[in-house]
Structures are given as C-alpha cells and as structure tokens.
Amino acid sequence: MYLLEFGGEDDAFAAREAASAATGIRRIAPGLAVAGGIVPERVRGLAYTRRASELLGRGDADLASARTVLEAASIDREGTVAVRATDVHGSSGVSTERAERELGQVLVDRGFAVDLDDPDHLLRVAFSEGVLAADSDAGSLEHEERADGEESAGEHVSACALGWLAAESVRDFGTRAPTDKPFFQPGSMDPLLARAVANVAGARPGATILDPMCGTGGVLVEAGLVGADVVGTDAQAKMAAGAQENLEHFLATDEPSPTGVSRGSWHVGRGDATQLPLADDAVDGVVFDAPYGRQSKIETHRLEDLVSGALAEARRVAPRAVVIADRSWRSEARAAGWELESTFERRVHRSLTRYVMVLERRTA
C-alpha cells in the first residue's frame, strides 16, 4: 500500500488525476489517500499529487498515535533516515517540528542513524483532520463502494499516515507560466491544470494525445513533457503557428523531460475540430478547451455546433476525451455517444469556473 499526499487544491480531482499513476486509490482524509500500487515515473509527472510513500501504518491525527504506529511497525531497511512531517491545512494542530524530533528519536532507538541533509530513507508523516467531502457528481471515483474500514465521503475523520518516500512530483510548473512562453494569448490555461487534464486523458510514453482546439498549445506541451506524442489543430492560422512555436521551445531537445522521460514528438496544423483529418481510433485520448462565452472563430459554426461536432469527431478518433469549458456540455456529449465518467469544477477566479468532463466512449 502507498500513501498519496495531494496538493490541497481539490482532492477529488487530484484522486482522478492520480489514477493515471496509481491503482486502488481511496481518500482517507483531507489531502490524503491510499493506493494499492504506483508507477513511480508517472507520479513524477502528476500535477495535483505531490508525493507517494510506501505506507508503514495509519492512526489518528495525533503524535501519540504516530509514535505507536512507528514503534510497532516492521522496518526492513538499512542506512540513514530522516523524518519530515506535515499537518494538512493546519487541521490537526500537531507540531510538525516536535513530530519530526520525537519520531526521529524512535528511529534512533531502533538503531538507525539520522542524516537530515541526505538520508538513504525519508519517512513522511502526514496528519489530517476534517470532513472527507463528498463529490458533486455521481459518476466520479469517490462514489465507488469502499472496503471494510475505509472512511466514507461526508464523514469527519482524523488520520495520521506514515510512509517511506517512494516518488515525488516535479514541481517545475512556474517555469512554464503562460506569460513566459514564447507565444502567449490571454486566457491560456495554466500549466498545472493543463498537466492534470493531459494525465487524465492518458498522456504517457507510447500514447498519442490530440487537442483539436489547441490554442497556444499548453495542454500539448504538458502531455509531451510526460512522454506522450502530441497532435494539435486550431482553426486560426495564428494560433496553430503559435502552438508550433511553444511546442518547439519545450519539446525540441534530446534532453529528458524534468519528469525523467523522453519528450514526445509533436505535429500541429490549421484545422477544423469538426472535420479532423485523422483515421478512426488514430489517437489514445483527446483534450480540448472549448471556447468560453463567445461565438466560435470558425465562421461556418455556431458555438453549440462547434462543440457538438468536436465531441462527435473526438469519439471517432479516440476512446477517451477530457473537455474543459465554462459550462456543462453534458447533453451534447451524451448525444455524441459518450459516457460521462466524471465531472469536476475548477474555480479560476470570481468570474470564471472551469468545468472538466471526463468522457469514455459508449459501448453498444
């Protein structure tokens, strides 16, 4: 079993993204989840999960419980150790400094040497207390039946979890702020969300991800940095050229991505999202950020026709799609033959909420 530490922005969305790198995910407290297994190199590419640790044990959100867990745990490791503690959102009131000191002493008493600068093994200790919020959509992961002993959404929970650090996500998103890219347009998606939706769509080495409304190419950049080959189209020649510029800047190097994998290849051109020049099942996943509250830039389409047509074409070329928009396009998605797997709301600022729909191809 593994402990997952989320970034704190939206646990349900973080759990959905983490499913691209882990199996059997179950949230146990605000900011925390457990998983049956992980793929470490994919954890490195997650946006809303910060760390995955090999679970040592769980208890209540207090230091005495953490000590009891550590003292009773079987530890089959050699080398130096260090302890790092966190109190999620300051919810438990536990002093993390004291927790690190006292739990470090437990390890010393068990024969380990402490190295705070470069330990062979890092023990992560997370404390969290609060309401395990229910999801807003019945189609999302957290409404699955839970195993005996697992907490249910909506309950007040108190938890501490201890684990040996196994993988950390690479937090380099600030280096790719929209305004710092070679080509920028207002309204561009931030790289954190772009990485998350790319992961949900299935971005990984060996996969191909399509964005038929690619804009400045932000989602394609993030998909390429986790190893996926990417294809983009946009109705405006200016945007297609700008996306090409951004993709070349971030992907045109033989150096591995910061996530540790080879960067994906890319192809971008001008095109109509409702008439893609691709064969059936040509790609593994589709992501697109639908136009917000305005008419389509394709003169021959109304906004509703553009989104409906893009949904139909996405279903033709891929088994999965992730759609981001300023409204719900559920009825149009279902009419195009998609099953709604889950939905999420991502508040950007006071006047903009992004809706994220995860779609799976409906089978007969």
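Trainee: Is glycine 260 buried or exposed?
Mentor: In this predicted model, glycine 260 sits in the loop between H7 and strand E12 (266–270). The cut-off for the exposed class is over 50% relative accessible area, and because glycine 260 reaches 53% relative accessibility, its class is exposed.

Trainee: What separation do the C-alpha atoms of glycine 260 and glutamate 41 have?
Mentor: Along the chain, glycine 260 and glutamate 41 are 219 residues apart.

Trainee: How far apart do the C-alpha centres of the two domains, domain 1 and domain 2, lie?
Mentor: The domain assignment divides the chain into domain 1 (2–168) and domain 2 (174–361). Their contact takes 17 residues from domain 1 and 23 residues from domain 2. The separation of their C-alpha centres is 32 Å.

Trainee: Which element supplies the largest share of the largest nonpolar core?
Mentor: That core has 52 residues, and Leu4 and Val197 are the members that touch the most others. Among the elements that each supply at least two residues are strand E1 (2–6), helix H1 (11–18), helix H7 (237–251) and strand E16 (352–361). The core also draws at least three residues from each of domain 1 and domain 2. The largest share, eight residues, comes from H5.

Trainee: Which residues is valine 197 in contact with, leaving aside its neighbours within four places in sequence?
Mentor: Valine 197 is one of the two residues that touch the most other members of the largest nonpolar core, and it also belongs to the H5 side of the contact between H5 and H6. With those sequence neighbours left aside, the residues in contact with valine 197 are Phe13, Met189, Val219, Val287, Val322, Ile324 and Val356.

Trainee: At roughly what angle do the axes of helix H5 and helix H6 cross?
Mentor: Helix H5 covers residues 191–201 and helix H6 covers residues 218–225, and their axes come within 8 Å. The crossing is right-handed, and its contact is made by residues including Pro191, Ala194 and Ala198 of H5 and Gly218, Val219 and Leu225 of H6. By class, this contact has seven nonpolar, one polar and two charged residues. The axes cross at roughly 60°.

Trainee: How many residues are in the second, separate core?
Mentor: Beside the largest nonpolar core of 52 residues, there is a second, separate one, which includes Val283, Ala290, Ala318 and Met357. The number of residues in this second core is 27.

How values were computed. Residues are numbered from 1 along each chain as its sequence is written. This is a predicted model: local features need pLDDT of at least 70, side-chain atom pairs count only at pLDDT 80 or more; totals for chains, interfaces and linings use all residues. Side-chain values use heavy atoms; hydrogens and water are left out. Axes are lines fitted to C-alpha atoms, for helices over the stretch in contact, and angles run from 0 to 180 degrees between N-to-C directions. Helices (H or I, at least four residues) and strands (E, at least two) are DSSP runs, numbered from the N terminus. A crossing is left-handed if the near helix is turned anticlockwise from the far one by less than a right angle, and right-handed if clockwise. Contact means heavy atoms within 4.5 Å. Ala, Val, Leu, Ile, Met, Phe, Trp, Tyr, Cys and Pro count as nonpolar, Asp, Glu, Lys and Arg as charged, and the others, Gly among them, as polar. A nonpolar core is a set of buried Ala, Val, Leu, Ile, Met, Phe, Trp, Tyr and Cys residues joined through side-chain atoms within 4.5 Å. Buried means under 20% relative accessible area, exposed over 50%, partly exposed in between (1.4 Å probe, protein chains only). Domain bounds come from an automatic or database domain assignment.
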